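Subject: Structure handover

Hello,

Please find the structure below, followed by notes on what was found in it. The notes go element by element.

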Amino acid sequence: MHPLQCVLQVQRSLGWGPLASVSWLSLRMCRAHSSLSSTMCPSPERQEDGARKDFSSRLAAGPTFQHFLKSASAPQEKLSSEVEDPPPYLMMDELLGRQRKGCMAERLKEEILNREKMVDILAGPDAYRDLPRLLAVAESGQQAANVLLSLDETYADVMPVQTSASATSAFVSIMRGCDNMCSYCIVPFTRGRERSRPIASILEEVKKLSEQGLKEVTLLGQNVNSFRDNSEVQFNSAVPTNLSRGFTTNYKTKQGGLRFAHLLDQVSRVDPEMRIRFTSPHPKDFPDEVLQLIHERDNICKQIHLPAQSGSSRVLEAMRRGYSREAYVELVHHIRESIPGVSLSSDFIAGFCGETEEDHVQTVSLLREVQYNMGFLFAYSMRQTRAYHRLKDDVPEEVKLRRLEELITIFREEATKANQTSVGCTQLVLVEGLSKRSATDLCGRNDGNLKVIFPDAEMEDVNNPGLRVRAQPGDYVLVKITSASSQTLRGHVLCRTTLRDSSAYC
């Protein structure tokens with residue numbers, strides 16, 4: 001028997017994401033094609049005995065979170081030919097088999113196991129607790145699979161490990177799954193129903209990140225602002241969920257639990273010098289209490305992602321989004337009234353099933369009307385969703401691409417206009433590091449999450465009058481904006497400050 005070799009697909013977002021970002025896709029017992037030399041395997045008997053002991057010890061110890069992170073990193077060039085002790089599983093350059101991305105494990109279980117005989121183990125994102133059993137089954141020479149979605153798995157007891165000393169921000173998962181059942185979306189089928197992580201667990205993670213010196217956290221979820229913590233029995237009252245005005249749901253009204261406004265309030269209190277963001281939300285879940293909280297708290301960023309998907313009410317109905325164009329535009333106006341200076345971003349899909357040229361024109365007009373600061377635009381691609389079974393993907397590919405290009409062009413024009421309103425203003429920027437395009441410039445992000453580029457120059461530290469400093473990753477600096485494009489702001493640095501003190505200047 002040769003040592004067990006594993007195939008592991010890990011998303012780059014794992015650095016601060018939960019183990020939901022890990023897809024254990026396949027493991028291969030390498031027999032006839034082992035790359036180990038005969039000098040490392042002196043005899044079949046000794047080899048099999050050693051392999052069993054090695055496998056047992058690795059299984060007992062189990063891979064640590066650091067091992068997951070090492071595997072997620074790009075392979076490094078080996079600086080010496082020395083043979084090191086093998087890790088609990090093999091690194092990227094030693095992986096066997098065909099990698100699968102995204103939600104393949106759940107959707108293509110039978111195809112992967114039966115048609116691709118290289119695969120011995122198939123595991124979905126909720127199966128990490130079952131890995132020891134799956135490994136034991138694979139060791140016996142059988143195929144093993146667990147792609148079941150849990151009704152309560154939130155990875156609340158998995159605490160990420162900081163691996164970068166220069167990191168300034170982190171992601172904190174607060175919920176999984178989605179109940180919206182938009183017709184184009186596969187998330188409910190591959191990530192299951194919504195379940196929220198207990199607030200106490202989230203606060204513990206945010207506190208640890210604060211203690212490590214991080215200055216920004218982003219709360220993550222498939223529908224983050226529908227958060228509802230039912231772990232505390234005393235808060236499971238019959239109070240119904242409040243929705244944005246003019247919005248409906250595809251499911252029964254939910255009652256009880258601690259809501260997103262409560263979580264946002266508690267997280268923002270952990271560290272007044274730590275910025276708080278959240279993504280990705282659904283427009284229906286922006287009741288007034290959430291908007292008011294964002295307006296009041298200096299460290300909750302005045303930036304909201306508001307996915308529209310289409311500017312046509314007819315297409316929105318086919319998408320099962322739960323709102324009309326008119327309701328969406330009304331919400332945009334309400335948000336801008338509630339949070340002056342708010343930065344808006346959105347998602348759009350070009351060429352959804354049945355989309356006509358008039359529908360497309362309405363989406364173009366919405367882009368012009370709202371004038372988003374940032375946007376994420378895609379051509380529709382059919383998946384095994386509700387639309388797959390009930391609608392026809394009848395927009396030709398060339399039409400989809402042409403409409404997408406038009407949307408991108410309009411977005412860039414309007415984003416440039418929106419961002420140019422910042423020229424001449426002073427903005428607080430969280431420094432991330434050197435600019436990718438210039439060794440003499442630094443880059444960071446403003447409150448609206450736009451990239452800001454500025455020269456690496458000495459400046460005054462407002463908390464230490466007379467002291468001249470250079471900005472470091474994690475510093476807050478004031479930058480006067482001198483130019484803007486659709487994606488980037490440029491300016492010159494004024495001074496180093498703190499988040500709380502910056503309000504006097506911005």
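Strands E20 (residues 476–484) and E21 (residues 488–497) pair in the antiparallel sense over eight bridges. Two strands are taken to pair if DSSP finds at least two bridges between them. Three residues separate E20 from E21, and the two form a hairpin. Within this pairing, Tyr476 stands opposite Thr497 in E21. E20 also pairs with strand E15 (residues 426–434), again in the antiparallel sense, over five bridges. There, Leu428 stands opposite Leu478 in E20. Helices (H or I, at least four residues) and strands (E, at least two) are DSSP runs, numbered from the N terminus.

This is a predicted model: local features need pLDDT of at least 70, side-chain atom pairs count only at pLDDT 80 or more, and totals for chains, interfaces and linings use all residues. Residues are numbered from 1 along each chain as its sequence is written, and side-chain values use heavy atoms, with hydrogens and water left out.

Ser422 is found in the loop between helix H14 (397–420) and E15. Ser422 is buried, with a relative accessible area of 12%; buried means under 20% relative accessible area, exposed over 50%, and partly exposed in between (1.4 Å probe, protein chains only). Leaving aside neighbours within four places in sequence, Ser422 is in contact with Gln427, Ile481 and Leu489, where contact means heavy atoms within 4.5 Å.

The parallel sheet

An open sheet of three strands has the order E5-E8-E11, and its pairing is parallel. E5 (169–173) and E11 stand at the edges with a single partner strand each, so one side of each is left without a neighbour in the sheet. From one strand to the next, the twist averages 25°. E5 and E8 (residues 216–220) run parallel and are joined by five bridges. The bridge partner of Ser173 in E8 is Leu220. Helix H7 (residues 199–211) packs on the sheet, touching E5 and E8, and its direction makes about 170° with that of E5. Axes here are lines fitted to C-alpha atoms, for helices over the stretch in contact, and angles run from 0 to 180 degrees between N-to-C directions.

Helix H9

Which residues of H9 are buried? In this helix (residues 288–296), they are Val290, Leu291, Leu293 and Ile294. Seen down the axis of H9, the buried residues fall within an arc of 160°, so they line one face of the helix. The arc is that of the directions from the helix axis to the C-beta atoms. An α-helix has 3.6 residues a turn, so residues three or four places apart point the same way. The buried residues of H9 pack against helix H8 (260–270), strand E11 (275–279), strand E12 (303–305) and helix H11 (325–338).

Aromatic rings

Rings of Phe, Tyr and Trp (its six-membered ring) pair if their centres lie within 6.5 Å; planes under 30 degrees apart count as stacked, over 60 as edge-to-face and the rest as tilted. By this rule the count comes to seven aromatic pairs. One of them, Phe247 with Tyr323, is tilted, at 5.0 Å centre to centre and 45° between the planes. Phe247 lies in the loop between strand E9 (228–229) and strand E10 (258–259), and Tyr323 in the loop between helix H10 (313–319) and H11, so the pair ties together parts that are 76 residues apart in sequence. Phe247 counts as buried at 6% relative accessibility, and Tyr323 at 7%.

Phe278 and Phe286 form a tilted pair, with 6.3 Å between centres and 40° between planes. Phe278 is buried at 5% relative accessibility, and Phe286 is buried at 1%. Ring pairs also link Tyr184, Phe352 and Tyr380 into a cluster.

Lys254 lies over the face of Tyr251, at 4.6 Å from the ring centre. The criterion is NZ of Lys or CZ of Arg within 6 Å of the ring centre and within 35 degrees of the ring normal.

Backbone points to check by eye

Most residues other than glycine have a negative phi, and most peptide bonds are trans. The peptide bond from Thr279 to Ser280 is cis, with omega near 0°; Ser280 is in the loop between E11 and H9. Gln309, in the loop between E12 and H10, has a positive phi near 75° and counts as buried at 7% relative accessibility. Asn449 also has a positive phi, near 75°, and is found in the loop between strand E16 (441–445) and strand E17 (451–455).

Regards
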